[in-house]
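Open the model in your viewer and keep the selection tool handy.

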Amino acid sequence: MPPPWQPSTYAAGTIVAASPCRSSSPAGFHASPYSDPLSSVSDEEKTIGDTSSAAPPISLDDEFPKATAMGPYASAGWSDLPIDLLIRILHLLELPEALAFHAVCPSWRSASVAAGGVPPRRTPWLVSLAEEPLPAGDQQRPVRRGLWDPTATSELRNLVDAEKTFQVSFPWGQAVACCGASHGWLIMANELSDLVLYNPFTTASLSLPPITGFASCIEGVYGDEGNVVGDRYSCYESDSVYDVRSLGGFFYDKVVLSGSPSAGPAIALSMHMDGKRLSFARVGDSSWRQVSVIRRSLDSYADCVYHRGRFYVVTMEGKLKSWGLSGPEDRPRKKTIIAEGDDYFFELITRYLVSTPWGHLLQIRVVLDKYQEHYVRVDVDRLDLKSSQMVGVSPAKALRGHAAFLGQNSRGILSVDKFPEVRPDCIYFTTPRLRGDVEHRHNQWSGVKVYDLRSRKLEDAFLSGGGHYGTICPSEVWFTPSL
């Protein structure tokens with residue numbers, strides 16, 4: 001039987017709708033364990049079809065008289081199940097099942113609202129690798145997974161109700177790292193350290209080429225039965241062999257897509273090996289194509305984004321290059337836009353590239369500033385293609401009233417008119433991936449932060465479920481479902 005999530009288990013380029021796997025934890029879809037699931041529901045939400053201002057308090061019996069009168073076993077119709085039973089069932093479901101539950105019929109939808117409901121899928125979700133469940137009878141001691149121990153589930157939090165968590169199990173295997181989120185898909189490294197695209201709302205899954213497809217730097221080690229039992233770096237003179245699941249936790253820096261693979265052919269760009277290498281692959285390919293290597297330098301790739309038909313990549317020093325892959329021969333065409341770095345390298349924490357809805361490519365530069373409250377300052381630049389330069393933009397006007405969500409995800413600009421839950425002119429950061437001396441100089445940043453570009457202040461956003469891997473291997477990513 002082939003290992004879970006191995007690419008050969010399904011046809012390349014085929015979306016597989018899998019039944020959600022069950023986690024070993026009893027509460028797959030749950031609210032806070034210390035809260036009453038009905039306590040946050042307003043009187044307006046509890047009253048259905050009653051507009052009287054003088055109406056007495058509505059009980060569940062008044063709200064669903066048909067189900068109450070018939071009793072719990074009087075009807076075989078699923079829509080007539082008592083609401084208290086529906087709510088109890090709902091709290092045992094994971095996120096995809098809870099979304100399906102909400103859409104079954106009016107009575108089930110009402111039960112979902114009464115139970116606290118599921119936040120709307122349009123707003124950003126924070127995806128964290130879930131912690132290992134505690135052993136039975138030992139609920140006091142927190143247990144966290146090791147750096148390369150796989151996790152069976154992920155936790156999702158929505159900005160609408162950040163105190164409530166929802167769980168999603170990964171089909172056909174486990175996950176060891178969050179490597180990106182792009183065009184409505186999560187990009188995860190599975191227990192074989194191979195990359196898998198996964199949609200937590202539909203449970204659809206697609207494979208990218210395996211880690212052994214990075215032939216220029218990874219060599220698979222095979223057992224007597226022909227299965228992969230380990231990996232080694234073929235680009236180094238070393239005989240060290242890594243367990244198949246360990247490299248997935250730190251090999252990938254970030255992966256972005258050119259578009260949604262459900263809408264047509266998509267290309268993936270991978271930054272890997274401590275930000276020193278870039279490789280491309282199409283969804284369904286069997287191998288990766290390496291296109292760039294940084295050798296013998298303190299520099300490394302900081303971020304990448306797909307913008308107006310090309311992939312753009314910026315280094316920690318501020319050098320900017322782009323690649324186009326739409327030619328007839330499918331050969332990556334590189335263009336060097338900014339060849340020299342800027343003067344921010346030694347005080348730089350990290351850089352991001354942001355593709356805006358109004359057509360600009362922005363650079364978000366996060367630097368150490370001892371005069372700021374949290375020793376952090378954020379500067380914004382705009383790429384001027386005519387002059388091949390980054391031009392400074394007023395931070396208060398850079399986002400044009402929008403909000404940005406930055407981290408391992410791509411394309412994170414939202415309008416506050418369409419998403420009133422987010423704050424305008426603010427950047428929501430997940431734990432940044434740091435390397436080298438930057439990690440030693442600024443390693444206290446973990447969890448979700450909000451930077452207000454107008455007040456120039458960095459604040460805690462809300463409690464997050466992950467981030468315990470630290471800034472070298474962050475375990476959280478922003479995910480925005482496709483509309």
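Predicted model: local features only at pLDDT ≥ 70, side-chain atom pairs only at ≥ 80, totals over all residues.

Start with two loops. Select Asp274, in the loop that joins β14 (267–272) to β15 (277–282). Its phi is positive, near 60°, although Asp274 is not a glycine. As background, most residues other than glycine have a negative phi. Is Asp274 buried or exposed, or something in between? Asp274 is partly exposed, with a relative accessible area of 44%.

Now jump to Thr203, in the loop between β8 (195–198) and β9 (204–207). Thr203 is another non-glycine residue with a positive phi, about 65°. Here the relative accessible area is 5%, so Thr203 counts as buried, the cut-off being under 20%.

Next, select helix α6, residues 106–114. Colour its buried residues: Ser107, Trp108, Ser110, Ala111, Ser112 and Ala114. Which helices do they pack against? Show α4 (83–90) and α5 (95–102) to see these partners. Then step just past the end of α6 to Gly116, where phi is positive at about 105°.

Finish at the second largest pocket, which holds about 550 Å³ of space. Its lining has 25 residues, and those closest to the centre are Arg411, Ile413, Leu414, Thr480 and Pro481. The largest share, three residues, comes from β26. Colour the lining by class and you will find eleven nonpolar, eleven polar and three charged residues.

Notes: Residues numbered from 1 in each chain as written. Heavy atoms only, no water. Helix = DSSP H or I, 4+ residues; strand = E, 2+ residues; numbered from the N terminus. Buried < 20%, exposed > 50% of the residue type's maximum accessible area, 1.4 Å probe, protein only. Contact = heavy atoms within 4.5 Å. 1 Å grid on protein atoms, 1.4 Å probe; cavity = no way out; pocket = protein on both sides within 12 Å on 5 of 7 lines; lining within 4 Å. Points joined across faces, edges and corners; volume = space filled by probe spheres on them. Nonpolar A, V, L, I, M, F, W, Y, C, P; charged D, E, K, R; others polar.
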